[in-house]
Amino acid sequence: MSLRVGVDLGATKIQTLLVADDDSIVARKRGTTPVTGGPSAVLAAVKETIEHLLVRADQPASAVATIGIGAPGQIDVAAGIVLQAVNVAGWDQPVPVSEIVGDMFGVPVALANDVQASIVAEHRLGVGRGRANLLGIFCGTGVGGGLILNNDLWLGTGAAGEIGHTVIVQDGHRCGCGRNGCLEAYAGRGALEQAARQQHQAGRPTMLFELMEQQGRSRLTSRVWLDACLQRDELALELIAQAARAVGTAAGSATNLLDVDCVVIGGGLATRLGDRFLNDVRAAAQPVLLRSDVASQIVLSELGDDCGALGAALVAGDRLSQR
Ligand SMILES: [Zn+2]
């Protein structure tokens, strides 16, 4: 049996999977993305997480045929280089990820955009099975998008699918990309945290930061947001409702443009918040949709936290078989 390793390299976590020939998941291991030390510290953490994954699965490194890595930001897929990943600390210069990780394990490494990997996984193994046209909207630290048209990943001239940077409010909030009013500025965990900090510092009561400290975190993770919402924290509920409205507006507008079979809502934040978040997204999409009967085609990711890493493993397997 030849095994594939899939890695979802995120701003806060490194999710790894060991995937068998039949695409079933053999083992999982999650690591934490270092916030200091830049690319070398992050890639050392990737190496360590993969090593722990192999120990957990009781498999030698020689059983691994290929490694796929889904990374955020701008990627040169062919060269295996992350050009820029603004949401990962210290990744503002190009990093030759495929070469570095390939040297660590002595196997071919394929690099993909994390959200594009996720939508490939949902299309092949998740909620998009049997559907030809899908749009993925993935809410994590930022908001990523991926598009499958006629059963193929649509790349445009290379940068397609960036629904996180479609404008939902003209002259709206400042986005991490330097522009204004993008979806990400309303529904990305980074933007939500910034808004929460500002309001908290201005005197608005919230348990968000207490929960963060109790959980030993330095950032407002998806878990912290979920716990605050479950405890009816007013500020958390308000900001999450705003995020859902923003996602719904973007999902509705994109559906009017593309008329896809389904819009898959995923990413750490949406996965944790689940059906309640989905219902708010659908409610916000409803008045935007030209065809009012299609709000039910907005659905939650089925693969959840496995999505990105599984997609990366699939993409790596595909590329290797094409050689
Ligand atoms: Zn933007």
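**Notebook: contacts, core and domains**

I began with Ile-137 and noted that, apart from neighbours within four places in sequence, Ile-137 is in contact with Val-143, Gly-145, Ile-163, Val-247, Ala-250, Ala-251, Val-263 and Ile-265, where contact means that two C-beta atoms, placed from the backbone, lie within 7 Å. I keep in mind that this is a predicted model, in which local features need pLDDT of at least 70 and side-chain atom pairs count only at pLDDT 80 or more, while totals for chains, interfaces and linings use all residues. Residues are numbered from 1 along each chain as its sequence is written.

Next I looked up the largest nonpolar core, which has 95 residues, and found Ile-137 listed among those with the most contacts inside it, together with Ile-69, Leu-183, Ala-243 and Val-247. Such a core is a set of buried Ala, Val, Leu, Ile, Met, Phe, Trp, Tyr and Cys residues joined through C-beta atoms within 7 Å, and buried means that 20 or more other C-beta atoms lie within 10 Å of a residue's own, against 12 or fewer for exposed and in between for partly exposed. Helix α8 (residues 234-258) gives the largest share of this core, 10 residues; helices are DSSP runs of H or I with at least four residues, strands are runs of E with at least two, and both are numbered from the N terminus.

I then turned to Val-26, which I located in strand β3 (residues 25-32), and which is partly exposed because 18 other C-beta atoms lie within 10 Å.

Last, I noted that the chain is divided into domain 1 (3-118 + 306-322) and domain 2 (127-302), with bounds from an automatic or database domain assignment.
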